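User: I would like to learn how to read a structure like this one. Can you take me through it step by step?

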Amino acid sequence: MQPTQSLPRSPFGSFRRVLRHGDRPWDGLIVLVSAGVLALVLGIGWMLWQGSASAQSALGLKFILPTLDANWNPALNQFQAWPFIYGTLITSLAAIVLAVPISLGVAIFLAELCPAWLRQPLNWMVELLAAIPSVVYGLWGIFVFLPRVVVPFGNALAVIGRLPLLGAFFTGPIPLSGASRLAAATILTIMIIPTITAVTRDVLLAIPNSQREAALALGATRWETIGQVLVPYGLSGILGAAILGLGRALGETMAVTMVIGNSIEGSPSLLKPGYTMASIIANEFSETVSGLHTGALIEIGLVLFAMTLLLNLLARLLVWRVARRTPQEARA
Amino acid sequence: MTAFTVLMNRHRLARARQRKAANAVMLSLTGLLTALALVPLFWIVIYVIARGGKYVNLAFFTQLPRPMGVPGGGVLHAIEGTLVLSFLAALISIPPGVLAAFYAARNPNTPLGVAVRFSTDVLSGVPSIVIGLVGYALIVQPQGHYSALAGAIALAILMLPIILRTTEEMLKLVPASLREASLALGAAEWKTSLSVLFPAALNGIVTGFLLAVARAAGETAPLLLTTLGNDHYDLGLIVRGGIQAHQSVFQIVGRMINQPVDSLPLTLWKYAQQPYPERIDQAWAVALVLMIFVLLINIIARVWIQARTRRLQG
């Protein structure tokens, strides 16, 4: 390498020097931007915390604890987040209960049983389900799905309402419009099936062929292989997929707001209208009546953020554990 | 053959028949569940096309909304709003996403690399309404008014993890031999990244960008808190008025992005809640336009990514 002094002088001397040592500015730039991405995540949490600080000190811990006489009255400065936390949890849990068996079945079909020519189109179609905008789901829900599917389903489920303990969650005739927690739960089910299916399918595909071959060599049928060998092997990954779906369901706003009825009156029943954390923020944020009102809504946002953050971490951990267990040999 | 053996064999055969039957039942059940899961897709698409198609006409795309009771009118404000928001959000989110992906792809195991991938996962899981809250706290509150800029920043935060993840995966797919050849020819690390790796991965990066735009175009919740809506947003008017008043390009662009805008999903949300049948019809038409837009981008992007991945893997 020639020493710098003997190179010809040119008007672009300093520019050339930069180009020669371009690695440092480039590395510095991408490190800076990467740190920025990390800072963004931390900043979101910090901003939510700061924005709700006044509400936190004014409302205290009772804001989010379960209570039987919850009230949400902005005009009288009465704020209780429990009805919304309950609404979010029950609709999401019901959606998971409905979605996991269906998703598991679809993932098993796509990973194990589907003929090769059908695999790609079916994978696409399941992913397209996830691509439909949430408001379109909501619109279709209000005018098509609710009257034709949810109302009959709800009327059928109302029979359970007569039972002593479980009946509390299934009481009462479903409203004529169908707007209810059940409606939200079923639409959420449709929306999270693609998420759970995709991750479960990847988990099943990552299980090494040796497991399948061993089971078949021992005389198991294909179903026995799947049910007694593959699913237990990938169970933590499947659980992770379910938790990812749960996280998605918790944060879903528009479709839920359009079909859940947006009311905190009355019973905890699935067949009655409810309200979720995301819905109250979406509905009331642009019309808040006081700083405390805004702070309370931001605090609800903080709770929602914390819940989805924890669930996401748990899910990634579980899926990662399955990935680590499998040796190099995996089905393509 | 003792009587015991005969009975055992008969039991084994009966049991085998049971297991085969159970096998057939459960396997067909999974096929049925797959069909069941796909029913809503076809139902929604067909219904939206049938119901929305009746109302879509040229005026729909080129006119601003008319007051209730006056027939006609369109959703030009929403279409232009969606375009402005998507374009601005892409402008804001692509540079950081691509640059951070370069780092994460080259250094996946350093603390910062792990942190970036972790942050991407976290960001992709944040509910969109919470991102709207952040956009509100970040831009709307200090500025004192809703704007397209705030909405675009919220959408950019939404798009960032998608762009970052897709770019990172595409960069990892570029064969190591390409990078090594470039370095062997004497190119510096940074020049290799920009002139060799980036063009090689460009197809995939563009697909990631398309998927992110499709996602952002369909989002409503963050916009509820940052852009609110604007029935009189007409870019043609803004540009013409600006030229007539001898405003600079910066001023005209500033006027474009510094006021509340509407978007297709936001308009759909508003119209769906109104009691007028004509608004409901328009809502279905908006749903048709939005859905076709989003689905088309998704299909194009995935076809492109499939072809690209297959070619790179030889």
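Analyst: We will go from confidence to the interface, then to single residues. Keep in mind that this is a predicted model.

User: What average pLDDT does chain A have?

Analyst: Chain A averages a pLDDT of 85. In that chain, 90% of the residues score at least 70.

User: Where in chain A does pLDDT stay under 50?

Analyst: Start with the general idea. Where pLDDT is low, the predicted coordinates should not be read in detail. In chain A, the stretch is residues 328-332. The model still has eleven contacts for that stretch beyond four places in sequence.

User: Now the interface. How much area is buried between chain B and chain A?

Analyst: The size of an interface is often given as the accessible area lost when the parts come together. Here, about 6800 Å² is buried between chain B and chain A. Carbon and sulfur atoms give 82% of that area. Each chain's share of the contact is 76 residues from chain B and 76 residues from chain A.

User: How many salt bridges cross the interface of chain B and chain A?

Analyst: The rule finds two. One of them joins B:R19 to A:E224. The closest N and O atoms of that pair are 2.7 Å apart. Polar contacts between chain B and chain A number four residue pairs.

User: Which helix gives the largest share of the side of chain B that touches chain A?

Analyst: Helix α1 of chain B, residues 3-53, gives 19 residues. That side of chain B divides into 58 nonpolar, 13 polar and five charged residues.

User: Let us turn to single residues. Is A:Q80 buried or exposed?

Analyst: A:Q80 counts as buried, because its relative accessibility is 14% and the cut-off is under 20%. A:Q80 lies in the loop between α3 (53-59) and α4 (82-113) of chain A. Beyond four places in sequence, its contacts include A:K62, A:F63 and A:W72.

User: What about B:E168: buried or exposed?

Analyst: B:E168 is at 6% relative accessibility, so it counts as buried. Helix α6 of chain B, residues 148-173, holds B:E168. Leaving out neighbours within four places in sequence, B:E168 is in contact with B:A101, B:A104, B:A105 and B:R117.

User: And which residues does B:G242 touch, not counting those up to four places away in sequence?

Analyst: B:G242 touches B:Q247, B:I252 and B:R255. Take B:I252: B:G242 is ten residues from it in sequence, with 5.8 Å from C-alpha to C-alpha. B:G242 sits in helix α10 of chain B, residues 235-244. At 0% relative accessibility, B:G242 counts as buried.

Terms used: Residues numbered from 1 in each chain as written. Chains lettered and ligands numbered in written order. Predicted model: local features only at pLDDT ≥ 70, side-chain atom pairs only at ≥ 80, totals over all residues. Heavy atoms only, no water. pLDDT = per-residue confidence, 0-100. Contact = heavy atoms within 4.5 Å. Buried area = accessible area lost by both parts, 1.4 Å probe. Salt bridge = Lys/Arg side-chain N within 4 Å of Asp/Glu carboxyl O. Polar contact = N/O pair within 3.5 Å; in protein donor to acceptor, adjacent residues only side chain to side chain. Helix = DSSP H or I, 4+ residues; strand = E, 2+ residues; numbered from the N terminus. Nonpolar A, V, L, I, M, F, W, Y, C, P; charged D, E, K, R; others polar. Buried < 20%, exposed > 50% of the residue type's maximum accessible area, 1.4 Å probe, protein only.
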